[in-house]
Amino acid sequence: MNNQLFQFADVILPLPLKQLFTYSIPFSIAKEIEVGKRVIVQFGARKIYTSIIYSIHNNAPKEYKTKNIISILDEKPIINKFQLELWQWIADYYMCSVGDVFKAALPSGLKLESETKVIYNPENIDQKRFTSAETLLLDYLSNKNIASISEISKVLNKKDSLPIIKSLLDKQAVILEEKLRENYKPKTESYIKLHEDIHTETKLNDIFDSLNRAPKQLHTLMSYIKLSGSFMKSGKVSEVTKKSLVDDSKSSSTIIKSLIEKNILSEYDKNVSRLNEDIFEENEMKKLSDPQRKAFDSINNQFKEKDVVLLHGITSSGKTEIYIHLIKEQLEQGKQVLYLLPEIALTAQIINRLKSVFGNRVGIYHSKFSDSERVEVYQNIIEPTEKLKYDVILGVRSSLLLPFSNLGLVIVDEEHENTYKQYDPAPRYNARDCSIVLAQMHKAKVLLGTATPSIESFFNAQTEKYGFVELSTRYQSIKLPEIHLVDILRAKKRKEMRSHFTPALIDSIKDSLALNEQVILFQNRRGFAPYLECDMCGWIPYCTNCDVSLTYHRHKNELVCHYCGYTIRTPKTCKSCGHVAVQTRGFGTEKIEDEIKIFFPDAKVARMDLDSTRSKNAYHTIISSFENGDIDILIGTQMVSKGLDFDNVSLVGILNADNMLNYPDFRAFERSYQLMSQVSGRAGRKNKQGKVIIQTSNPAHPILQFVLDNKFEEMYKSQLLERKNFKYPPFYRLINISIRHKNKDVSDKAAHNLGVSLRKVFGKRILGPEPPIISRVQNYFIQNLIMKVERERSFQKAKQIIEKQIIELITTENFKSVQVSVDVDPI
């Protein structure tokens, strides 16, 4: 049909509004309007937004008078039909708006709003000292990349956030965007060429003669002739960058400027890619071992009948090599591949392995990239360049939302990881589950890989919903690590503990270092100490905005709230009784780092946690240093547990298993098993059997015994029985409804009323309202309701009823300011 026939367009706005909005199509742009293009529209009295054309038609809305589309931003659509279909599915399933998905899916550089925006600048994060409030804001921006002043004020819980923004501007950690324009700017580079008047060798020789008294200018011109090949026999003239001319001639920009002013040289700018266009030499793939080949063939056979296959391969079994062979098959068929990872840290290692085989066909996409880099990756997938064509995308959960048009395979590595689930803000989607939906849309296949499957995925495999392949042999028949459970209580009674280290762990570290082997120490808590406590009266400093104790950070000498960023200087005396006996309690990675340096002063020690990996290349720097042997002992949070491969690690120490096991959550035992098994798998990767020391006050705990004997299926069966008895996944689906308000009475009453109205429909399926473990965050009091829905019941109908009841609640006069968020399939 001719586009001129269409008078109206339904557009998606980047706002948390459930409906689409209809705009008139001016005659002057009617031929250019297409579904998936970005257009600029006015919304409300003064706001200007980038929106996406969702549909075009001739049906005028009856409820309001339409405004005209202001302009079109794209020559070709940047959103394809698969994306729009996935956006709608995510919005429907996870009970959010399509606008929420739009905001998450597009890099900020492709969106336009008429507000002052603060943009994250990862290039200038290294070697800076930031206050805790600045650190909180940088953490927020590192994930979101761009935020409005109002959003920042909300995150910082401050009416006036401008002083903090001003400080970060001075430190060049953020950039302000105030004009109405696209945030993305192409990167340009200056090039040099001969002035257009110089077109013969005779003219060039005259210029050489004229520069006899300016030897530096003459030398620079000669360098240009050499680099460009001008007037050479080949007749081919190469482009010369200004930087390369300066480097080759050992001159300066001032000398080049003089030559330009004399009309000898000309300068021009050219758009260049921010992406790495270096040519990677493609090597042959490694030959699969017999167990790997058997698993590879089994996966392909099961793909004939199943769209999803679970690969259960123990640590160091060589799953990545199987992935590489599967990727090659897809590329030979002209298909695209999405390789999902749970953690940015993993991309640093795996990208080298993939590029060694597939060269520049591999692209990376994650939040540590600048927004402009992400825009260019996004655009390359839509329209590859001569030098770059990304057929394989390696990235974290947001990569799922890229504009794939011919997807053949999705690999979800470490599929059990909870980091595949988005928490805040909406859309609260699970990338693992969404990848299965995306693959169905493309008629593609999904491979879920892990050494420790989630209960839900293993259940789906056992009930034959998924295909299942097991790889139970380590590559080159390397033995599984030798695991030792060490009793902390016993060591304390005998007064053998050295701070937080048992003699067994200290001795094992000594032995490893003596053999020039490396050590990983795992403690799943950052900071120096979880809290301070007065020995006399038991006073503990709490956050004024949240119901949580303040974490002690020694290097800043501050107490910090990890939820809102509230910060105070560390008190020297108790604020309750005035006594000086204020002591640290517990320990985090920062404290372990300090103490290890005391016990082993000659060892090179590094720490990998959120605090030490804020800058763009921090992960890569730490991991490369550890791989190269520049670090002897690496201390980290769960970042160190996720699939990293180090040749020389002989010892892994888990400093406190009890914190994980005693966490009040129905998934605590499953996660503890997964985390300890994964961390243990870092030991003895290639050359010899490794050793694992797990410190605990309860060595007889069933989960620890399962870890000790590597009995995943026994752990699965024990947890499955409990899940069935207490109505949890995979037998029931969960929906968590969170009610927030700054007035506790209002929050409590709203939650009570919503609970009563839902209970009338769903009965005992509704639990609560109950406050969460931390019941006040950023001065908002929180109440939670949980709904359990049987698998065989209509989940969609239940969600529709919940949505209706929420709308009724927040349209009631007393509860209009109440915030209600819904988390479908919470983790």
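Trainee: Which residues of H21 are buried?

Mentor: In this predicted model, the buried residues of H21 are Ala668, Glu670, Ser672, Tyr673, Gln674, Leu675, Met676, Ser677, Gln678, Val679 and Ser680. That makes 11 of the 13 residues of H21, so the helix is largely enclosed by the rest of the structure.

Trainee: And what should the 13 residues of helix H21 span?

Mentor: Helix H21 covers residues 668-680, and at 1.5 Å a residue it should span 18 Å, which agrees with its end C-alpha atoms being 18 Å apart.

Trainee: Changing topic, which residues form the negative surface patch?

Mentor: The negative surface patch is formed by Glu470, Asp709, Glu713 and Glu714. One of these, Glu713, is found in helix H23, which runs over residues 712-725, and Glu713 is partly exposed, with a relative accessible area of 34%.

Trainee: Okay, now the backbone: is the peptide bond from aspartate 424 to proline 425 cis or trans?

Mentor: That bond, from aspartate 424 to proline 425, is cis, with omega near -5°, and proline 425 is found in the loop between strand E16 (407-413) and helix H14 (431-442). The peptide bond from glycine 768 to proline 769 is cis as well, with omega near 10°, but proline 769 lies in a strand, E31, made of residues 766-770.

Trainee: What about glutamate 464, is its phi positive or negative?

Mentor: Glutamate 464 is a residue other than glycine with a positive phi, near 65°. Glutamate 464 lies in the loop between helix H15 (455-462) and strand E18 (467-471), where it is exposed, with a relative accessible area of 58%.

Trainee: And where is aspartate 825 found?

Mentor: Aspartate 825 is found in the segment after strand E34 (819-824), and although it is not a glycine, aspartate 825 has a positive phi of about 55°.

Methods:
Residues are numbered from 1 along each chain as its sequence is written. This is a predicted model: local features need pLDDT of at least 70, side-chain atom pairs count only at pLDDT 80 or more; totals for chains, interfaces and linings use all residues. Side-chain values use heavy atoms; hydrogens and water are left out. Patches are made of residues with over 30% relative accessible area and no salt bridge: like charges are joined within 9 Å, nonpolar side chains (Val, Leu, Ile, Met, Phe, Trp, Tyr) within 5 Å. Accessible areas come from the Shrake-Rupley method with a 1.4 Å probe; for residues, only the protein chains shown count as cover. A salt bridge is a side-chain nitrogen of Lys or Arg within 4 Å of a carboxyl oxygen of Asp or Glu. Lys and Arg count as positive and Asp and Glu as negative; His and the chain ends are not counted. The place of a charge is taken as NZ of Lys, CZ of Arg, CG of Asp or CD of Glu. Helices (H or I, at least four residues) and strands (E, at least two) are DSSP runs, numbered from the N terminus. Buried means under 20% relative accessible area, exposed over 50%, partly exposed in between (1.4 Å probe, protein chains only). The expected span of a helix is 1.5 Å times one less than its number of residues.
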